[in-house]
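Dear colleague,

I am handing over the structure below, and my notes on what was found in it follow directly after.

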Amino acid sequence: MDLELKKAFTEMQVNKIESTKKIRLLDMKMDSLKLSKQRIEVTNRHISNLDPETRVYASVGRMYVLNDVPTLTEQLKTTHASYEEIITQCEKNKDFLIKNLKEQEESLRELVQQKKSETTETNGKPAE
């Protein structure tokens with residue numbers, strides 16, 4: 001096997017492993033964010049039934065803060081919007097990684113075809 005091909009295969013293999021790990025991490029992050037987004041939607045649905053003057057507790061880290069319903073609703077909307085942005089960014093990153101991986105595979109195929117044709121031209125017969 002040609003040294004250049006061997007190097008390209010090794011490089012692609014390493015890149016594929018790294019890309020697969022990153023894609024898996026992005027999928028896990030997106031799943032986690034989607035679950036959090038669902039929790040926010042359910043919470044928002046439940047507190048929207050309450051009277052606006054009702055005092056409710058909002059979770060902040062490991063403690064709770066007393067707020068009124070409109071303030072908590074606004075906080076939930078802000079958090080929901082930021083989760084949407086992060087999910088969109090993760091999807092873009094995932095698409096970019098997949099596209100990059102496919103491009104690298106295609107360039108490797110072209111390299112193999114080029115080497116095959118060079119071997120055929122040199123020997124005058126098809127390579128085995």
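A search of the whole structure finds 5 salt bridges, each being a side-chain nitrogen of Lys or Arg within 4 Å of a carboxyl oxygen of Asp or Glu. Because K115 lies in helix α2 and E4 in helix α1, the pair ties together parts that are 111 residues apart in sequence.

Please note that this is a predicted model, in which local features need pLDDT of at least 70 and side-chain atom pairs count only at pLDDT 80 or more, while totals for chains, interfaces and linings use all residues. Residues are numbered from 1 along each chain as its sequence is written, and side-chain values use heavy atoms, with hydrogens and water left out.

As for the helices (DSSP runs of H or I, at least four residues, numbered from the N terminus), the axes of α1 (residues 3-47) and α2 (residues 69-123) come within 8 Å and cross at roughly 160°, where axes are lines fitted to C-alpha atoms over the stretch in contact and angles run from 0 to 180 degrees between N-to-C directions. That makes α1 roughly antiparallel to α2, a term for angles over 145 degrees. By class, their contact has 23 nonpolar residues (Ala, Val, Leu, Ile, Met, Phe, Trp, Tyr, Cys and Pro), 14 charged residues (Asp, Glu, Lys and Arg) and 10 polar residues (the others, Gly among them).

Terms used. Helices (H or I, at least four residues) and strands (E, at least two) are DSSP runs, numbered from the N terminus. Angles under 35 degrees count as roughly parallel, over 145 as roughly antiparallel, 65 to 115 as roughly perpendicular and the rest as oblique.
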